[in-house]
Amino acid sequence: MSKTALSPIISGTMNWGVWDKNLTLKEMENMIQICIENKITTFDHADIYGAYTTEADFGKAFHASKIAREKLQLITKCGIQMIAENRSENKIKHYDYSKEYIIWSVEESLKKLKTDYVDVFLLHRPSPLMQADEIAEAVEKLKSEGKIIDFGLSNFTSSQTELIRQKTEVSYNQVQFSATHFEAMTDGSLDYMQTHGIRPLSWNPLGTVFREDTKKTRRLKKLFAELVQKYGFGSDTLLLAWILKHPAGVIPIAGTVNIARIQSLMKAVELEMEKEDWFAIWTESMGDDVP
């Protein structure tokens with residue numbers, strides 16, 4: 001079980017840097033402050049974000065903010081080896097989960113984030129070549145040195161998770177889960193996590209509702225037009241509330257840097273969606289009645 005208390009909604013930093021929003025250090029500092037003021041105290045990173053640059057930018061902004069380390073929680077990941085300017089040795093995108101690389105990567109993340117430890121460390125994506133014993137040795141060493149508090153996975157299937165869990169404790173698995181991408185709910189992944197006390201984290205929790213114009217998203221938007229009137233909250237808040245109602249205790253990772261949206265995110269935690277409305281959202285996503 002996790003030793004770390006994360007906020008009910010997590011701020012995702014993937015798009016803060018050069019991959020999208022290109023926030024200045026001052027804007028990042030402001031964004032960290034706004035999130036914490038709105039009780040979003042957990043920040044989700046990965047070494048590759050911004051082609052291996054976003055952690056360092058966040059670290060500088062966090063250091064400048066003078067916020068006490070215990071006021072926030074940091075998640076980071078490693079394993080994906082990208083072709084990037086500062087990884088010139090990589091000739092092809094691949095995964096590395098050797099003991100040496102995991103330890104080196106965590107220590108690099110700590111330097112960049114300007115912290116002595118990360119609250120949660122995840123393996124970013126499963127590799128066919130990963131050795132569970134070697135991963136466990138790295139994790140146990142990092143835990144014993146206080147460099148990571150909790151360990152978990154990202155985008156791992158139940159069988160891949162079991163492979164690692166047999167060797168070391170797995171507290172989290174970050175998976176894609178939303179009203180438009182609900183497979184983790186139907187393929188047994190969330191059931192498995194509940195069974196073994198693994199907390200699911202959800203990336204892309206708003207799904208494709210605002211990104212795509214399809215029959216599915218049109219059906220959902222039509223339904224949300226009614227639900228927004230009923231509950232008095234925006235569609236984004238309702239989509240998060242839909243995730244939060246699942247008994248697996250899923251924690252959504254919201255990547256927005258829109259201040260008004262950040263201020264409204266935590267309203268989803270207080271919203272108790274009626275059961276039939278929850279099923280109505282699932283029904284419209286499937287385009288059919290529940291089985």
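Q: Which side chain does the side chain of histidine 45 make a polar contact with?
A: That of threonine 13, at 3.1 Å. Keep in mind that this is a predicted model.

Q: Is histidine 45 buried or exposed?
A: Buried. Its relative accessibility is 0%, and the cut-off for buried is under 20%, so histidine 45 falls in that class.

Q: What does histidine 45 touch, leaving out residues up to four places away in sequence?
A: Thr13 again, plus Glu55, Phe58 and Leu113. The run Leu74, Ile75, Thr76 and Lys77 also touches histidine 45.

Q: Zooming out. How many helices and strands are there in the protein?
A: 13 helices and 10 strands.

Q: And how compact is the protein for its length?
A: As compact as a globular protein of 291 residues, because its radius of gyration is 19 Å and the globule rule gives 19 Å. Along the principal axes, the C-alpha atoms fill a box of roughly 55 × 45 × 35 Å.

Q: What share of the residues is buried?
A: 54% of the 291.

Q: What about contacts with a separation of 6 or more: how much comes from residues 24 or more positions apart?
A: 77% of those contacts.

Q: Surface next. What is the accessible area, and what share belongs to carbon and sulfur?
A: About 13,300 Å², with 51% from carbon and sulfur atoms.

Key
Residues are numbered from 1 along each chain as its sequence is written. This is a predicted model: local features need pLDDT of at least 70, side-chain atom pairs count only at pLDDT 80 or more; totals for chains, interfaces and linings use all residues. Side-chain values use heavy atoms; hydrogens and water are left out. Helices (H or I, at least four residues) and strands (E, at least two) are DSSP runs, numbered from the N terminus. The radius of gyration is taken over C-alpha atoms; the globule rule is 2.2 Å times the number of residues to the power 0.38. Buried means under 20% relative accessible area, exposed over 50%, partly exposed in between (1.4 Å probe, protein chains only). Contact means heavy atoms within 4.5 Å. Accessible areas come from the Shrake-Rupley method with a 1.4 Å probe; for residues, only the protein chains shown count as cover. A polar contact is a pair of N or O atoms within 3.5 Å; within protein, one must be able to donate a hydrogen and the other to accept it, and residues adjacent in sequence count only if both atoms are side-chain atoms.
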